[in-house]
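I'd like to walk you through one model, so let's get it up on the screen.

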Amino acid sequence: MLQLQNIAKSYAEVTALKGVSFKLKAGEVVGLLGPNGAGKSTLMKILTGYLKNWEGEVLYGEKNLRDDIKSIQQVTGYLPENNPLYPDLYVLEYLKFIAGLYRIKNASFEEIIEKVGLSEVRHRKVNTLSKGYQQRVGLAAALLHDPEILILDEPTTGLDPNQLIEIRKLIRQLGEDKIVLFSTHILSEVESVCDRVIIIRQGEVVADQSLESLRKGQQQIIQVEFDYRIETEALSKIDGITKAVNTFDFQYELYCTGQEDIRPKVFDFAHDNQLKILALNQKNENLAELFNQLTA
Ligand code: ADP
């Protein structure tokens with residue numbers, strides 16, 4: 001388990017992180033989601049030991065990032081934002097070069113190349129590869145020492161839809177037995193890859209939830225049109241409705257939380273009040289709206 005306790009970091013006048021705490025465990029892919037400037041990269045740079053001068057504690061089992069930085073780095077793989085590569089090296093040559101640089105002995109190059117889907121381009125130069133393949137090279141480099149913790153900073157930026165599907169699949173696979181934290185400012189990334197999302201805004205955690213619970217807690221909105229006007233107050237008394245809004249003429253939006261289908265109650269209400277329902281539509285407030293609310 002990787003535990004972050006009250007992490008704070010300032011750059012001169014800018015406070016990038018203001019007391020961030022959470023725990024990560026192997027077997028779940030956690031998305032670190034937040035708008036640009038929220039502090040995602042700063043947090044990741046702290047976790048990889050790249051940044052010094054921060055406050056709080058990072059614990060990995062019995063180890064502490066301040067005292068045992070080398071041994072935590074030895075089990076951490078990092079794919080930095082923009083994935084800097086050496087363009088003139090061949091894929092295999094690049095991976096061997098990185099392994100040498102970090103003195104990684106016994107790296108299973110073949111296995112990693114196969115795992116990240118680089119087999120067919122292994123003898124090509126890095127600068128002749130598409131962005132998607134270059135990301136895979138970066139991932140391969142991050143996996144050379146078979147890390148237990150994988151930190152991926154915006155790993156899907158700039159990928160086309162097919163490359164996205166491949167990389168997402170790979171990240172999910174890696175999350176089966178590693179601690180995977182990956183940052184993004186794109187909500188759909190989180191929805192398609194993560195088991196859990198941590199949303200940060202201006203250096204603070206504003207949500208930390210499993211995707212499942214987030215979906216369950218989603219707000220349901222019933223859009224209904226009657227043939228006559230009715231007081232919103234009367235509508236909001238329907239069991240399960242938290243708020244009723246008159247959006248236009250005889251059209252209303254009814255807000256409810258939870259998963260119970262509220263439409264039968266709306267029918268009963270109409271019947272009891274001698275109203276006719278001209279239109280009825282149920283929509284779920286999606287994660288995008290929630291994200292907008294949390295980060296607005
Ligand atoms: P994100 O990755 O979520 O876009 P960052 O961690 O890069 O956010 O940035 C958080 C805040 O810290 C921003 O206000 C950014 O301008 C500031 N910041 C990041 N790096 C530096 C730096 N090296 N010097 C000064 N300010 C920085």
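**A walk through the model**

Okay, let's begin with Gln163, which sits in helix 6, residues 161-174.

Before I go on, the ground rules. This is a predicted model, so local features need pLDDT of at least 70 and side-chain atom pairs count only at pLDDT 80 or more, while totals for chains, interfaces and linings use all residues. Residues are numbered from 1 along each chain as its sequence is written, and side-chain values use heavy atoms, with hydrogens and water left out.

Back to Gln163. Is Gln163 buried or exposed? Gln163 comes out as buried, at 14% relative accessibility. For that label, buried is under 20% relative accessible area, exposed is over 50%, and partly exposed is in between, using a 1.4 Å probe and protein chains only. The Gln163 side chain makes a polar contact with the side chain of Ser130, at 3.4 Å. A polar contact is a pair of N or O atoms within 3.5 Å; within protein, one has to be able to donate a hydrogen and the other to accept it, and residues adjacent in sequence count only if both atoms are side-chain atoms. If you skip residues up to four places away in sequence, Gln163 touches Ser130, Lys131, Gly132 and Gly158, where contact means heavy atoms within 4.5 Å.

Next up, salt bridges. How many salt bridges does a search of the whole structure find? Eight. The criterion is a side-chain nitrogen of Lys or Arg within 4 Å of a carboxyl oxygen of Asp or Glu.

Take Asp208 and Arg196: they form a salt bridge with the closest N and O atoms 2.9 Å apart. That pair links distant parts of the chain, with Asp208 in strand 10 (residues 204-210) and Arg196 in strand 9 (residues 196-201), 12 residues apart. Arg196 is buried at 11%, whereas Asp208 is partly exposed at 34%. And there's a network here: Lys25, Glu28, Arg196 and Asp208 are linked by salt bridges.

While we're looking at strand 10, Gln209 lies there too. Gln209 is partly exposed, at 33% relative accessibility. Leaving out neighbours within four places in sequence, Gln209 is in contact with Arg196, Val197 and Leu214.

Another salt bridge joins the side chains of Asp239 and Lys265, 3.3 Å from N to O. This pair also links distant parts of the chain: Asp239 is in the loop between helix 9 (232-235) and strand 12 (243-248), and Lys265 is in helix 10, 26 residues away. Asp239 is exposed at 55%, while Lys265 is partly exposed at 24%.

Then there's Asp261 with Arg263, where the closest N and O atoms are 2.7 Å apart. Asp261 is partly exposed at 32%, and Arg263 is partly exposed at 29%.

Most residues other than glycine have a negative phi. Gln274, though, has a positive phi of about 50 degrees and isn't a glycine. Gln274 is in the loop between helix 10 (263-272) and strand 14 (277-284), and is exposed at 73%. Arg103 is another non-glycine with a positive phi, near 55 degrees. Arg103 belongs to the loop between helix 3 and helix 4 (109-115), and is exposed at 70%.

Which residues make a nonpolar surface patch of about 450 Å²? Tyr86, Phe97, Leu101 and Tyr102. Patches take residues with over 30% relative accessible area and no salt bridge, joining like charges within 9 Å and nonpolar side chains (Val, Leu, Ile, Met, Phe, Trp, Tyr) within 5 Å. The areas come from the Shrake-Rupley method with a 1.4 Å probe, and for residues only the protein chains shown count as cover. Phe97 belongs to helix 3, residues 91-101, and is partly exposed at 35%.

Last item, cysteines. The structure holds zero disulfides, a disulfide being a pair of cysteine sulfur atoms within 2.5 Å. Cys194 is buried at 7%, and Cys256 is buried at 1%.

Conventions. Helices (H or I, at least four residues) and strands (E, at least two) are DSSP runs, numbered from the N terminus.
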